[in-house]
Amino acid sequence: MAVILITGGARSGKSARAEALARSFPDQPPIYIATAEALDTEMEARIARHRTRRGTGWVEHEVPLDLVPVLATSDGGGARLVDCLTLWLSNLLHAERDWEREVSELAGALPRLKSPVILVTNEVGLGIVPDNALARSFRDAAGIMNQVIADTADSVEFMVAGLPMKLK
Amino acid sequence: MAVILITGGARSGKSARAEALARSFPDQPPIYIATAEALDTEMEARIARHRTRRGTGWVEHEVPLDLVPVLATSDGGGARLVDCLTLWLSNLLHAERDWEREVSELAGALPRLKSPVILVTNEVGLGIVPDNALARSFRDAAGIMNQVIADTADSVEFMVAGLPMKLK
Amino acid sequence: MAVILITGGARSGKSARAEALARSFPDQPPIYIATAEALDTEMEARIARHRTRRGTGWVEHEVPLDLVPVLATSDGGGARLVDCLTLWLSNLLHAERDWEREVSELAGALPRLKSPVILVTNEVGLGIVPDNALARSFRDAAGIMNQVIADTADSVEFMVAGLPMKLK
């Protein structure tokens with residue numbers, strides 16, 4: 001069992017790093033759990049680009065909200081790559097779900113899983129304080145989620161310019 | 001004597017880390033020096049949350065501007081936790097004080113203190129350049145302040161997702 | 001030959017670090033390659049401040065766009081400091097040049113140079129997602145550029161509060 005959290009800024013190489021880690025567990029085909037939905041052309045292009053880079057051989061699931069159930073049902077198979085938690089959090093907030101409870105449930109579920117899980121997240125709190133109250137509460141929530149998941153992860157890496165720094 | 005600077009983004013675990021460090025000097029009750037004033041409900045909630053987490057046993061001071069005098073008068077007692085320098089800088093700017101002189105005075109005073117000082121600050125310069133000229137000059141000032149204080153500190157840590165990276 | 005990339009946020013001490021590294025190759029006078037043009041008073045002040053700190057003894061070039069040619073013609077002389085790549089990227093975008101091709105050409109040229117090159121860049125992707133589509137695509141481009149150049153560099157440092165973290 002291994003729970004690995006990959007964090008960093010936009011276009012810092014998080015997904016590529018996470019894909020390489022998922023492929024490093026070669027016994028069974030890796031499983032890609034996308035939290036993104038192709039709701040606009042920018043997102044469609046991003047999803048297509050990620051799919052091209054990953055290449056073939058992945059089992060794919062699109063899971064905007066219910067991460068814990070899909071991690072449970074896919075357990076015992078290949079390594080799971082969850083890309084990404086920040087978008088999952090955003091989806092929870094839009095759906096008016098109780099994000100603190102769901103993050104806590106995810107943190108509780110991770111150590112009990114048998115197959116590896118690699119989770120991608122974003123650092124969004126290192127810029128100037130946003131004017132917008134909604135943006136401020138989102139960056140607070142994202143920071144809290146990252147702390148909670150990092151606390152339970154076996155390994156945490158912070159990506160800068162495509163290079164990993166080991167945090168844990 | 002120890003001067004420790006804890007930096008990082010919003011909700012990266014800076015205050016919790018700083019509190020743990022302050023409590024690690026157990027001879028005398030730690031002293032909490034808050035630079036925040038409860039001017040709105042968002043700030044009130046934040047202050048109340050920090051107070052709940054810290055728990056009892058702290059001597060508390062609310063010091064929006066005059067940090068150097070309170071560090072001098074409280075010296076010889078318990079470890080001091082200053083939370084946070086970024087808000088202090090913002091208070092200095094609003095009060096139209098000469099922040100460069102005050103930061104330089106703080107940097108000069110820190111090495112002469114006998115009791116430990118743990119200072120919390122924020123990284124605010126890792127986002128896109130703000131449109132707003134005031135925000136640009138604030139992030140410049142914060143970056144300069146962080147460099148000046150880090151230069152005089154005995155130890156500097158950068159927090160990401162609740163995990164410290166040792167910078168110095 | 002040495003290619004060194006210095007990255008970090010605004011006012012994190014990137015330029016001062018890069019200048020110290022450029023001066024550490026003392027055989028010949030270091031060469032300063034500025035990608036900034038003094039188009040407004042804020043930029044003029046910044047350029048003047050950097051020049052004052054650098055002091056005398058530098059050969060100076062102002063190169064908003066054509067980095068690869070100037071690195072070729074100045075090769076064999078002193079160490080080159082390119083300050084900074086983020087502004088170069090911004091200049092390329094404003095000039096409607098093919099930035100991906102130019103970044104790739106730079107990455108291809110760097111390993112063939114005989115004299116050292118120290119490149120300064122910025123991390124701009126660690127704040128909240130910008131509302132503005134142009135800002136989003138700029139931060140994407142900057143992140144991709146940083147990954148490409150970091151991949152070819154011999155050494156990469158991430159500056160926080162004036163202190164370098166070795167990434168590579």
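Copies of a chain are compared here by least-squares superposition on the C-alpha atoms of residues with pLDDT of at least 70 in both. Treated in this way, chain A can be laid on chain C with an RMSD of 0.0 Å, by a turn of 120° and a shift of 0.0 Å along the axis. In chain A, the C-alpha nearest that axis belongs to Gly127(A), and it lies 2.4 Å from the axis. Chain A can also be laid on chain B, with an RMSD of 0.0 Å, by a turn of 120° and a shift of 0.0 Å along the axis. These two copies are therefore related as by a three-fold rotation axis.

The model is predicted, and for this reason local features need pLDDT of at least 70 and side-chain atom pairs count only at pLDDT 80 or more, while totals for chains, interfaces and linings use all residues. Residues are numbered from 1 along each chain as its sequence is written, chains are lettered from A and ligands numbered from 1 in the order in which they are written, and side-chain values use heavy atoms, with hydrogens and water left out.

The size of an interface is often given as the accessible area lost when the parts come together. In the table, contact means heavy atoms within 4.5 Å, and buried area is the accessible area (1.4 Å probe) that two parts lose on being put together, summed over both.

| Pair | Residues in contact | Buried area |
|---|---|---|
| Chain A and chain C | 23 residues from chain A, 19 residues from chain C | about 1600 Å², 67% on carbon and sulfur atoms |
| Chain A and chain B | 19 residues of chain A, 23 residues of chain B | about 1600 Å², 67% on carbon and sulfur atoms |

**The side facing chain C**

In chain A, the residues that lose the most area to chain C are Arg11(A), Ala161(A) and Leu163(A), which together make up 36% of what that side buries. Arg11(A) also forms a salt bridge (a side-chain nitrogen of Lys or Arg within 4 Å of a carboxyl oxygen of Asp or Glu) with Asp140(C), where the closest N and O atoms are 3.4 Å apart. Across this interface of chain A and chain C, the rule finds two salt bridges. Helices (H or I, at least four residues) and strands (E, at least two) are DSSP runs, numbered from the N terminus. Of these, α2 (41–54), α6 (133–152), β6 (155–160) and β7 (163–166) of chain A each supply at least two residues of the side that touches chain C, and the largest share, three residues, comes from α6(A).

**The side facing chain B**

Leu126(A), Ile128(A) and Leu167(A) supply 39% of the area that chain A buries against chain B, more than any other three residues. Between chain A and chain B the count is two salt bridges, and in one salt bridge the side chains of Asp140(A) and Arg11(B) meet at 3.5 Å, N to O. The elements of chain A that give two or more residues to the side touching chain B are α6 and β6, and α6(A) gives the most, with eight residues.
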